[in-house]
Each structure stands twice: as C-alpha cells, then as structure tokens.
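Here are some friendly notes to keep beside you on a first visit to this structure. Please open the view and follow the points in order.

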Protein chains: 2
Amino acid sequence: MIRLCGGDTKELKKRLLERGQGDCAAQQKAVDEILAAVKTRGDSALFAYTKRFDGFDVNETTLYVTEEEIQAAYETVDPALIEVVRESARNIEEYHARQKREGFALEKPGIRLSQIIRPLRRVGVYVPGGKASYPSSVLMNIIPAKVAGVEEILMASPADKNGKLPPLTLVAAREAGADKILKIGGAQAVAALAFGTESVPRVDKITGPGNIYVALAKKAVFGQVGIDMVAGPSEVLVIADDTSIPRFIAADFLSQAEHDEMAACILVTPSAAMADAVEAEIWRQAELLSKKETVFQSLENYGTIIVTKDMEEAADVANRIAPEHLELCMDDFEALLPRIQNAGSIFLGQYAPEPLGDYFAGTNHVLPTNGTARFSSPLSVDDFLKKSSTLYYDRDAFYQVYKKVEAFANAEGLTAHARSAAIRFEEET
Amino acid sequence: MIRLCGGDTKELKKRLLERGQGDCAAQQKAVDEILAAVKTRGDSALFAYTKRFDGFDVNETTLYVTEEEIQAAYETVDPALIEVVRESARNIEEYHARQKREGFALEKPGIRLSQIIRPLRRVGVYVPGGKASYPSSVLMNIIPAKVAGVEEILMASPADKNGKLPPLTLVAAREAGADKILKIGGAQAVAALAFGTESVPRVDKITGPGNIYVALAKKAVFGQVGIDMVAGPSEVLVIADDTSIPRFIAADFLSQAEHDEMAACILVTPSAAMADAVEAEIWRQAELLSKKETVFQSLENYGTIIVTKDMEEAADVANRIAPEHLELCMDDFEALLPRIQNAGSIFLGQYAPEPLGDYFAGTNHVLPTNGTARFSSPLSVDDFLKKSSTLYYDRDAFYQVYKKVEAFANAEGLTAHARSAAIRFEEET
C-alpha cells in the first residue's frame, strides 16, 4: 500500500495509466490471422478455431443454444437466485428506460429540419467464458440494447468442450432478452459477428468485455462495426471523512481488489486518523478472504491512501483520477457531490457499496475506466441508438437563401458546391 | 462511371470500403515519433516540428492568435460574407440547441438513482490548413461544443510561414465561439492537445478533420483523450424517380465529386430513362467545372448508377450502403423516407441539395462516412457531453436488499463483493 500526503497525483496517474499497457504483439498477430480467416472462410474457420480453442466440435446446428437447454438451465439454478436475477433485471430496465430519447423537428415556413433517433438493428453482446463468466454483465449489456429497441440481440459466449454454457448465464440471457445465444468465443466470435458467416449474421455493433484477444479483435473490427469502449483494469476511489466507518470502506476496497492484480483501490481523506483506521481494517479483513492472493497483489501494486489538506483537495484528486467507481462513503455526501466532475458511477453514503451497483440497483456497471470518465460515460441506451438528420426546404425557402450558400461555397473554393445551389434557379441552358 | 442493374451491392460496398485503406506504415512511424517527442519534450518539440513542417518559427507568445489579428481578419473579409457566416452560425446553434439534454433522477422510499449529464471541460478542435481549410467545418465543430457548455474550446490550425491563418477561418472561429486559437497543426498539434505542454493545456477531447498524419495521431491518442470519428472519404447517394430533375441531380453529384478522387457519387433509380438523362447531364456539366480533373477521376473511380426494380429496392440499396449524405431528390419523398434506416444526413425534395446542409441550414456536416451510419451518428451536442450515474440507498432500503446483492455476488464467486454488502449489517467483530 502506498501512502501519499497532499493532492499531487501525477505519479499515481501515470502508474494507473500504465496498467495493462504491456506488449501484445504476439496476441495481435494471432488475432489478425483469426480475423482474416473468418472473414474469408466463414463458418469453416469459425468452427475450426472453436474446436481448437474451446475443444467444442461445433457445427451450424450445435452453434445455437436451444430452447431445451435454456429450460434445463432454469431447472438447475436455485429459484431464489433466479428471483434475484429477475429483480435486478427489472431495476436495470427501469433505470435505463429513463434514458430513452425522442428525436425532434424544427419547423419554419417552407423549412423542416429534424433529428431522427433509431435503434441499431442487430447487436452482438460478448460474454466471456470460464472463470470470468459474469451473468450480471449479461444483464448490463443486453438490457440497454433491449430498451433501445434493438431488433435482434445475439449473445456470444464460449462453451466448454461439451458445448455447455453456465446455467446462470443462460438464465440471465433469457431474463435480459437475448434473441439468440451462440456458443462461440474469442477473436473468432468477434470476427463472425463483425463480418458475418454462413451461420452467423453480421451485426451493427459489438459490446461486452473479454480477454486480450477479444479486446484486440474488437479494436481491429471497429469501423466495420461499432464497438463499446475497450475496458481497462477496474478501479475504485473512496472519499472518507470523520463520519466514515472504516470497516465498510475496507470491505469496499477489498471487493475491488479481488477482481485482479491490476485493479486499483484508492482512499482519499483529509483525516489521517481515518486513513490509519481504514488501513488497519484492510489488513485485518484481507486475511479472511477467499481470493487472498489476488487481493494482496492488487493492494501491493496499486493500493493507495492519500491524506489531503481538506475535502476540497480530496474532490480535486478524484476529478484528476476520474475513477470508474467513486464512493462518497460518509454522512454528508451532499456537500461534496457538486464538486465532483469526473467519475463513471458515484456511490453515495454509507449504505451504497459498489456491489449494490454492480449487481442490483439498476445503474449500469459497464463504466469508463482508467481516467476516461473525463470524456466518456457509462454504457447506456444511447450506445444502442443512432441519429440521422433530415432537411427539407421548399422552392421559395431555398430561393431566399441560395445565394448565401453559393457565396459560402465559393469562399471555400468549392465551385461545384456553389453550382449545385445556383442551378436550381438558372434557366435551362 | 459504373452502371449496375438490380440491388446487388456487394461488390460496390467492397470497393467503397476499400477507399483510403492504403498502407500507411511510413506515416504511422513519423506520427509515433512526433507523439513521443511532444509528450516528453513539450513545447520545445512542438515548436521545432512547427518550424520544420509549417515553416513558422513559433514561440510561446506567437503561438496564440491575438485579438488584433482577429480584428484585422474582420476588416479583410467581405462584410456580406461575414453576414452569411453569422446567419449560418445562428442556424447551426438553433438546431443544435434542440439536442441539449437533462439528466434524471429515479426516486423510491430511501432510494435515489440519477443520471448526471455534464459538458466536457476543455475541448480541442482541429482545423486543417492550406487548401483544405474549410471555415464551415470550424462552425460545425465548435458550435455543438459551445451549445453543450464546454468551458474552454481551443482551436488548432497550422499557420503559414509568416504565422498567418486565413481571415475567414478566424472570423468563423470568433463567430462560433472559440476561446483560444493556436497556430499549430499536424500530429504535433494533436500531441500537444492530448498530452499538454508548457504552453498548451491538455484537453479532454479532440474533434475535427485532418490529413493522414492528423488522423493517425488522433487514433493513437484515443484513450488518453476522447476523439470524434476518424472520417473516411465522403459519399453521396441520390435516389431519383420520374419526377426528379436531371440537371439538379447531376449538379449535386458533381459537387460531391469535386472533393477528392476518393469521393463516391451513387445514383439509384428504378427509371432507366432517368438514369440516362442524369448521366448525360453529368458529362455535360462536368466540362464546365473548375475542378474538372478531380471530378473526372472521382467519377471514374466510384461514380455509380444503379437501376433498381422499384423504389423499395432503391431504399434497400441505400440502407445497405448507409451513405454519409442521402438525397431523396423527388417530389414525393414522404413515401420513401420511412423506408430509410441508415444514412448520416437525409436531404428531402428538389430544393435541398447537399451544400445547403454543408453550409447553412443548421444540421451538422460532420457525418458518419463509409457505411458507419449503420451504427454512428452526425456530430452533435452529445459528443461534448458525458454522463455519470449516482446511487444512494439509505440503511433501511439497503437492509431490504443486501442479501440479494450478497447472493448474486456469491453466485459469481466474488466473495469480497458479497462481504462488502453483508458487513453493513454484521456485528463488529
């Protein structure tokens, strides 16, 4: 754990930014090959890679999860847990429904401008397999697409060698509203969704987390299809004052640290006593955790406690770090909130720990990482909408202004542009 | 010019997508060097590159355009043209003001979720120099940022060797509301805006068009700062029927073709007679143009006329191409519009040629190119806003649900997450 005094975060920010910026030339080469193969050879390449990497001997029939498999999943999962998934899905739907938007029209005599807002037609949601399979991410990616009105949502997730997906993932997919579930993963799944194959229709956008191969593949196909952000390692920044409860903060810290060795936990407080109390609690509680090794490694790498001059400086530090998750873990968070400019999701008070947002409350847990909250936003319905503008002028309205259009175009040296305006009112020659 | 029959656009789409996908390893290498130099050496590298590439021996004083220079520009430009720029700016502001959005709050007893929407704090707008200097792009990039409420808008544009920028560019910058204008360009300007130097403050997002060096630099700094789209070559698709006026369509075609040799013009019509008439007009009018050579090259490369079975097939072609500009250049465009799914900006009727939107009407002319209208949108106020979510539960509200959060976290094997929920209601141990 690093202990800093004062608000100079330059070195810390540099270290955070460098997380996960290792050399990935080897993976890039593998990904480029896979993308090219699936693009040119379609299903045959997709199936071959799936057999090779997942051990699953897939074909065009076994590619898709069947209704029977979904029903079997519902019979496997604890009914109480299914109820939790349902309630969480309802909360997510309710919050995201508030993000829906309408277009507009701007009318004047003879003139009509508008903005049309439409859902994307077909979207692919990637869901990692194996240990990193998080059914909550299934909800967080699919529900905003569903609320946006996306016509067809394909979920792709690598199966085990027997072609099985985790039952809770299937339940989450059904509750969220996935239209089809494909048993494919890795760069080959991204390629199939981006380019289309005989069995997989091409999508308009791919969202969802994945390992380095998935991330590189998404970056590479961007432009061909839309993608969500390429997520970096996760982080939480907690601001505490004298009303904060060290046990709570320590537990929140550790919940972030269990993700992986790159996860960053930062405590910022003007109270040196609080800093000490939280640190003591962290070491005490860490011993009790099942993922102890990961937790200690993460704390050693990026665990940071910053003692600031005052709350104002604490807010400045948060704004400069622009954390993915920000907890204002104190009684009087209202005084501090207006000072916060940059954060993905903000958790207010003593009883809104990060897992409440990760799993249940309704806000999205796909958040801008690594300082990108300065300019980007949580995953939302907007990510599954696109806009078009329209413009209509009638003859009279255009007659009033065409010489201005002509003048502006000529001023830029674009004479054919000028002519396209002027020809509307020229005699035929 | 290519003539196609029927709606099979596979080959055409492939050719359009391949535009501008040449090898740029040499430029990439140069850009990487420039970015690294400006990142580590700041002003001294920025000034050295500016001298080398623009011939302008800049320093920390001459870097910024002065009030005197702006006033001088106003005295140079034709007052009638200034009036046109003003009217255009007002139209753009009026349209984009309708895009402004409010956040929301979702309240239940003991629970409050919200979405906060805020402007980015500082934005950099890149404006190409030399022949590609388009004052209209200054308006189109800066005004949406201004409407969004961005606190500080820096415009960067390469000056000539005497440190001069085109007067009309300065006028457009002032009318649009640029806060500072920097006489820098190329990858070194992008680097300065992304990383900051002694004289240039770091921005949160960089928008605006540029040459291959600027485009590669923007791609490279993405993540460090936000960027707008990396624009590809431009295209227009015109749908015509028997009511269309060949002279108008031909002129609109040619206005697109004058941009560069990569620009693509596509006519789609179920009327073979209309196709013939437009083509004849195109060749006739092309002879009269000042940028004849570019126009002929562009028509030869990508000029395409597609005769479809009917209007329905014409709309399908448009949706598959997803053009940057779509003109429904006919009397009864209302019947066709609802069939259009994918297009950046849609020009309706006989008197709304593309230049009306490029310069004047108020919609944005920064549009998704090369088929990306399937999933992306015209530049808008949204591009200069970011969202954060907040969540608050009081003790009672969290008590009602914490076991559900715990259960979901445990189901994913994230036991420290589960503990962070449970610890709130455990006795102190």
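**Notes for a first look**

1. Let us begin with Asn211(A), which counts as partly exposed at 44% relative accessibility (buried means under 20% relative accessible area, exposed over 50%, partly exposed in between, with a 1.4 Å probe and protein chains only). Asn211(A) sits in the loop between β7 (205–207) and α9 (212–221) of chain A; helices (H or I, at least four residues) and strands (E, at least two) are DSSP runs, numbered from the N terminus. Its side chain reaches the backbone nitrogen of Tyr213(A) at 3.1 Å.

2. A word on the ground rules. This is a predicted model, in which local features need pLDDT of at least 70 and side-chain atom pairs count only at pLDDT 80 or more, while totals for chains, interfaces and linings use all residues. Residues are numbered from 1 along each chain as its sequence is written, chains are lettered from A and ligands numbered from 1 in the order in which they are written, and side-chain values use heavy atoms, with hydrogens and water left out.

3. Is Tyr126(A) buried or exposed? Tyr126(A) is buried, with a relative accessible area of 4%, and belongs to strand β4 (residues 122–126) of chain A. A polar atom of its side chain lies 2.7 Å from the backbone nitrogen of Gly186(A).

4. Now for the two chains together. Chain B is superposed on chain A by a rotation of 180° with 0.0 Å of shift along the axis (RMSD 0.0 Å). That is the relation of a two-fold axis. The superposition is by least squares on the C-alpha atoms of residues with pLDDT of at least 70 in both copies. The copies meet through the same surface, because 100% of the interface residues of chain B are also interface residues in chain A.

5. His417(A), in helix α17 (residues 415–422), is buried at 1% relative accessible area. Leaving out residues up to four places away in sequence, its contacts (heavy atoms within 4.5 Å) include His259(B) and Asp358(B). Asp358(A), in helix α15 (residues 354–359), is buried at 8%; beyond its neighbours within four places in sequence, its contacts include His325(A) and His417(B).

6. A polar atom of its side chain is 2.8 Å from the backbone nitrogen of Lys387(A).

How values were computed:
Polar contact = N/O pair within 3.5 Å; in protein donor to acceptor, adjacent residues only side chain to side chain.
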